[in-house]
Amino acid sequence: MAETREEETVSAEASGFSDLSDSEFLEFLDLEDAQESHALVNMPGPSSESLGKDDKPISLQNWKRGLDILSPMERFHLKYLYVTDLATQNWCELQTAYGKELPGFLAPEKAAVLDTGASIHLARELELHDLVTVPVTTKEDAWAIKFLNILLMIPTLQSEGHIREFPVFGEVEGVLLVGVIDELHYTAKGELELVELKTRRRPMLPLEAQKKKDCFQVSLYKYIFDAMVQGKVTPASLIHHTKLCPEKPLGLSVLRHAQKGGFSVKSLGDLMELVFLSLTLSDLPVIDILKIEYIHQETATVLGTEIVAFEEKEVRAKVQHYMAYWMGHREPQGVDVEEAWKCRTCAYADICEWRKDSGVLSSTLGPQAKKAK
């Protein structure tokens, strides 16, 4: 396995292909952390007359009426979803819905933890390759960067090397899913192993509810990656969902980066052809092992690992259920009463109708939430 910096890839931020692949945000919702987060819990959350994206007040009633008119995919102008969108549904679907409808309520403390996790991921990535920033001006340029990164990583993986931050995409239940795999490498037995890095603010493993979300996330990565190397992902499907223009010429900065990598291309379509040919003709295997590695942020100590059993039937059933919300076939659902402790540090607890209708109230919630009863 190559442990030196042998190639350059473009950062996810530059390519617009970032996927929140860590567990820092949900870590704040762990029961152990909740007891030290009363300041967070009692912070004023969005009210029943919160501001929408146009800065005009919107009510929950108007929001729910909108469900009957447009699907969430249409209402939020989404061409595709991230793997982590579905993974967070596994934690609380209604929180995911509120997050799309009422963005901007991420507490500074949570944002700081996310930044720390991102820094650790970046340090891991820099162990294998340098990062270069390539300016992009169009969505075609942004996707071209994703394709160039894939083209640069495939030869390394073919030679049983070690790669990190591998982009994946594919249609699942009629919706395009995209994401970024933290790490791929071969074991001593020649098995292709996926490793998902999860950093922890505290030196302890997460609760089972968090592990379930993480296991579902890596299972989705395998599902999509396997489809890519088996030729089940098509350029036509990608173009249909993203509305990309394959014939559009690439920007000069992207062309220079492509030439530096040894690729003579002019348009996004040229790159797409190279990528899909490389994926199907490379004889890359499907992923054999799924592993989650939990690391303490402050000390970089490995707290533990989780080997995930891939259950395709179960994964497909969950995806079908979650996609039904995004396609507008049903309203979002909150957590079961047994998992109501998740509400303790939810930014949307004060306006959550699921909590009010289910009578899920916690003694640790702030006064405003109690009045809602």
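This tour steps through salt bridges in a predicted model.

**Before you start.** Numbering runs from 1 along each chain as its sequence is written, and side-chain values use heavy atoms, with hydrogens and water left out. Because the model is predicted, local features need pLDDT of at least 70 and side-chain atom pairs count only at pLDDT 80 or more, while totals for chains, interfaces and linings use all residues.

**The whole structure.** A search finds 15 salt bridges. Each is a side-chain nitrogen of Lys or Arg within 4 Å of a carboxyl oxygen of Asp or Glu.

**Stop one: select Arg164 and Glu183.** They form a salt bridge, with the closest N and O atoms 3.0 Å apart. Arg164 sits in strand β6 (residues 163-172) and Glu183 in strand β7 (residues 175-186), so the pair ties together parts 19 residues apart in sequence. Strands here are DSSP runs of E, at least two residues; helices are runs of H or I, at least four; both are numbered from the N terminus. Arg164 and Glu183 are both buried. Buried means under 20% relative accessible area, exposed over 50%, partly exposed in between (1.4 Å probe, protein chains only).

**Stop two: select Lys211 and Glu306.** Their side chains meet in a salt bridge, 3.6 Å from N to O. Lys211 belongs to helix α11 (residues 208-229) and Glu306 to strand β10 (residues 302-308), so this bridge links parts 95 residues apart in sequence. Lys211 is buried at 11% relative accessibility. Glu306 is partly exposed at 24%.

**Stop three: select Lys213 and Asp214.** This salt bridge spans 3.3 Å, N to O. Lys213 is buried at 3% relative accessible area; Asp214 is buried at 0%.
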